[in-house]
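Have the sequence at hand as you read along.

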Amino acid sequence: MSPTPHSTASNRRQFLRLVGAASAGAVAFSGAAAAAIADGLETDADDLQEALVVFDDADDVDRLAELDLAEGFYGYETLPIGYGLLSGDQLLEVAGWEEVRRVSPNAELDWEHDDARPDTRAREVQAGEGLETPYTGENVHAAVIDTGIDGAHPDLEGNLEANWQWVGNPLDEGGEDDVWVDLGAVNSDDVGHGTHCCGSVGADGSESDGEYRGMAPDVTLTSYSTNASLTLLKATSAYDHLLTLQESGEHEIHLASNSYGAGPGEFDPWDPLNVATWYAYEADVLVSFSAGNDGPENDTLGQRKQAPYVMNVAAAHADQSITDFSSRGDAEGNHDRETAFENVVDLYSGVPEDEIDGPFGLHRPSVAAKGASVMSTLNPAHPLQAYAVDDEVYYGLLSGTSMACPVAVGCAALALDAYLEHHGEVPDPIDVISTLEATADAAATDGLEEPSGTAEYAPTNAGAGYVDALAAAQRTEDGDLASFEEVTLADE
């Protein structure tokens with residue numbers, strides 16, 4: 001069965017035609033630079049400050065050598081980003097270079113847990129109900145950028161391909177060569193957050209006789225452990241490492257799960273992490289973020305969740321009503337993914353920002369998934385075992401949009417598995433996101449008499465509705481990827 005043509009107006013292949021790139025690794029931003037120094041850096045200070053510098057092209061990063069920095073600098077291999085310790089005068093100098101787009105502080109990021117399977121219909125997909133064959137994620141490889149993974153956990157060890165951990169200081173002599181080390185089948189997670197998220201994506205349920213299987217129990221897993229403390233440097237470096245291996249053919253990752261953030265803000269296309277996730281999109285990686293835990297007020301989405309080329313997941317209770325803690329979009333902001341996506345494509349292909357009439361950010365979640373009291377994998381000694389009382393040794397209950405994100409990523413893995421099994425090529429991530437949105441259940445809470453949270457779905461709290469793995473897999477199995485125009489938001 002051949003894929004059904006669809007009408008996604010601007011996708012990866014169109015972007016590559018626009019910039020004339022031969023591959024994702026060859027992509028370079030073009031047009032006049034519009035450098036700015038992001039909040040958090042002090043240009044009138046003599047003290048050295050950690051800074052990430054976004055350039056037009058990865059080849060430009062070596063220009064940091066001109067500063068003769070006392071500690072040197074860390075140049076990424078694939079992303080057009082460099083890291084170093086700069087004084088206020090050096091920050092101003094770098095911001096004045098024509099090839100520089102943004103200078104950002106190495107900000108701290110926060111894990112978004114709050115101090116599934118039946119709901120999403122993943123169980124039916126795993127059983128093959130209403131499908132030509134069962135799907136369990138066997139053809140799919142997912143990366144989880146988090147606190148790490150218990151690589152020896154009975155539910156995870158069989159699916160784990162790589163267990164990368166951030167070590168050392170990249171500014172130490174030779175340190176840039178040892179930033180990421182594969183620890184193999186050991187526990188790289190001192191907290192439990194990452195192990196829990198990995199389990200929601202792809203635990204095989206062996207320690208619970210299948211009761212606590214993840215959404216895609218045969219998915220291949222790669223973990224990037226940033227340890228308990230996550231910074232912008234570590235998150236972007238994880239993407240650089242992932243993409244470097246992707247380009248060299250050492251792995252083929254289809255999905256990346258990110259359950260962290262830094263509070264509300266307006267989307268900045270030149271933010272280092274947004275640049276990193278765009279490069280991942282260009283490499284056919286579907287990037288997903290947790291919506292954040294700053295609800296229930298509107299306009300509380302973090303700026304990196306507003307990128308129109310990523311999936312952003314809100315958190316729901318077991319009855320599919322939206323939790324109070326789940327961050328909301330802007331009721332007055334842009335809810336049209338196609339418009340924002342095309343504007344970002346234009347910007348990244350060289351159209352001056354002042355010539356683009358319209359928004360760059362998407363001010364709503366993509367879909368909702370269970371994020372309250374999610375049971376998933378934990379090591380018996382993980383500190384998060386104490387978060388909620390249960391009788392399980394190898395599992396634990398956690399809540400937060402951190403938990404909703406990997407549930408949705410697992411559902412995406414099932415949809416991708418169905419597509420890859422029948423059509424043999426990796427679809428554009430934006431088309432998979434549109435398909436998950438177009439098949440989401442916008443009426444999941446209709447008739448709910450005593451909801452645990454907000455039962456009235458709106459674009460700001462639930463996006464297109466509650467994720468439906470079975471409906472998405474039915475479409476991808478047929479090669480019927482959804483277009484932007486097919487997406488109907490929750491209150492429409």
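Let us begin with D284, which sits in the loop between helix 7 (272-282) and strand 13. Keep in mind that this is a predicted model. Although D284 is not a glycine, its phi is positive, at about 70 degrees. Is D284 buried or exposed? With a relative accessible area of 15%, D284 counts as buried, because the cut-off for that class is under 20%.

To find N227, look in the loop between strand 9 (220-225) and strand 10 (230-231).

The table puts these two residues side by side.

| Residue | Phi | Loop location |
|---|---|---|
| D284 | about 70 degrees | between helix 7 (272-282) and strand 13 |

Next comes a peptide bond. Going from G295 to P296, the bond is cis, and its omega is near 10 degrees. P296 belongs to the loop that links strand 13 (286-290) with strand 14 (311-316).

Which residues form a negative surface patch? They are E42, D44, D46, D47, D89 and E93. One of them, D44, lies in the loop between helix 1 (12-19) and strand 1 (49-55). D44 counts as exposed because its relative accessibility is 67%, and the cut-off for exposed is over 50%.

Conventions
Residues are numbered from 1 along each chain as its sequence is written. This is a predicted model: local features need pLDDT of at least 70, side-chain atom pairs count only at pLDDT 80 or more; totals for chains, interfaces and linings use all residues. Side-chain values use heavy atoms; hydrogens and water are left out. Patches are made of residues with over 30% relative accessible area and no salt bridge: like charges are joined within 9 Å, nonpolar side chains (Val, Leu, Ile, Met, Phe, Trp, Tyr) within 5 Å. Accessible areas come from the Shrake-Rupley method with a 1.4 Å probe; for residues, only the protein chains shown count as cover. A salt bridge is a side-chain nitrogen of Lys or Arg within 4 Å of a carboxyl oxygen of Asp or Glu. Lys and Arg count as positive and Asp and Glu as negative; His and the chain ends are not counted. The place of a charge is taken as NZ of Lys, CZ of Arg, CG of Asp or CD of Glu. Helices (H or I, at least four residues) and strands (E, at least two) are DSSP runs, numbered from the N terminus. Buried means under 20% relative accessible area, exposed over 50%, partly exposed in between (1.4 Å probe, protein chains only).
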